[in-house]
Amino acid sequence: MKVLDQESLQRLIEADLLGDMPTLDFEAVAADLSLSFRDVKIDHKPASLFTESGALMSDLEAGRALYSALQLPGVIQESDARIWTTLAFTDYKDYCAARWPMKSGLEKPARIAHVKAHYFIRTARDGERNHALARLWKMMRYVDRTLPAIREKAEQVLLGLNSDVPVQILGRTNIASSSNIMTAFVETLYSHYIEDGRKYSRDQVRSLLTELDLQGGTTVVPLMDSGQVSESLRARLLQVS
């Protein structure tokens, strides 16, 4: 796969036309800016992130399709901004523009900020929360590594329930890094919102995470088994519902 080299990536993000990139022909822009590419050994078979009827896939559907289509062998490749930016402007350009449409009438600085947020990765936070593609792929990889025993439920909760859920989780590394805590958390949300059909509540989810923080953060809670954590979370939900 050919990806932008580092110098070209920087040249592109500094380009005066950056705010118009979602509507421009990338090959023409690459030629005009003399952008260079390098070969990277990645197994990638471009996938459509649209349904057969042409509608935008849900985050859950798109995440599954992208994760199956793109095989990144290690942490370095997963965090390589050149790969994600190249994919966003080439194979998945239409998806990125449709998933994160730019509001009409924006001034140039706002258009540039929009493109930087959803097409580039400048910080780890960008890759986990903002980039149109990386946020999906990385959450699928997280499930693959941390919650393989409850993969189906985890995918539905973390990508299918509400886009706020992964945002809340990723900000708490002591919780996100613990398989037993996350198993209990996912099982609780799956039962409460998906199985029972309740409307998602950001305040309730934040309350559950606060409960985990209060119980000990990085010391006590990770030593508890998932059953104990689940009981605690269910009790907390009853209080805040």
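Does Tyr193 count as buried or exposed? At 4% relative accessibility, Tyr193 counts as buried, where buried means under 20% relative accessible area, exposed over 50% and partly exposed in between, with a 1.4 Å probe and protein chains only. This is a predicted model, in which local features need pLDDT of at least 70 and side-chain atom pairs count only at pLDDT 80 or more, while totals for chains, interfaces and linings use all residues. Residues are numbered from 1 along each chain as its sequence is written, and side-chain values use heavy atoms, with hydrogens and water left out.

The structure holds eight aromatic pairs, a pair being rings of Phe, Tyr or Trp (its six-membered ring) with centres within 6.5 Å, called stacked if the planes are under 30 degrees apart, edge-to-face if over 60 and tilted otherwise. The rings of Phe89 and Phe120 lie 5.9 Å apart between centres with planes at 65°, so this pair is edge-to-face. Both Phe89 and Phe120 are buried. Tyr193 and Tyr200 form a tilted pair, 5.5 Å centre to centre with 50° between the planes, and Tyr200 is buried as well, with a relative accessible area of 16%. Ring pairs also link Phe26, Phe37, Phe89, Tyr119 and Phe120 into a cluster.

Leaving aside neighbours within four places in sequence, Phe185 is in contact (heavy atoms within 4.5 Å) with residues including Val165, Ile169 and Leu233.
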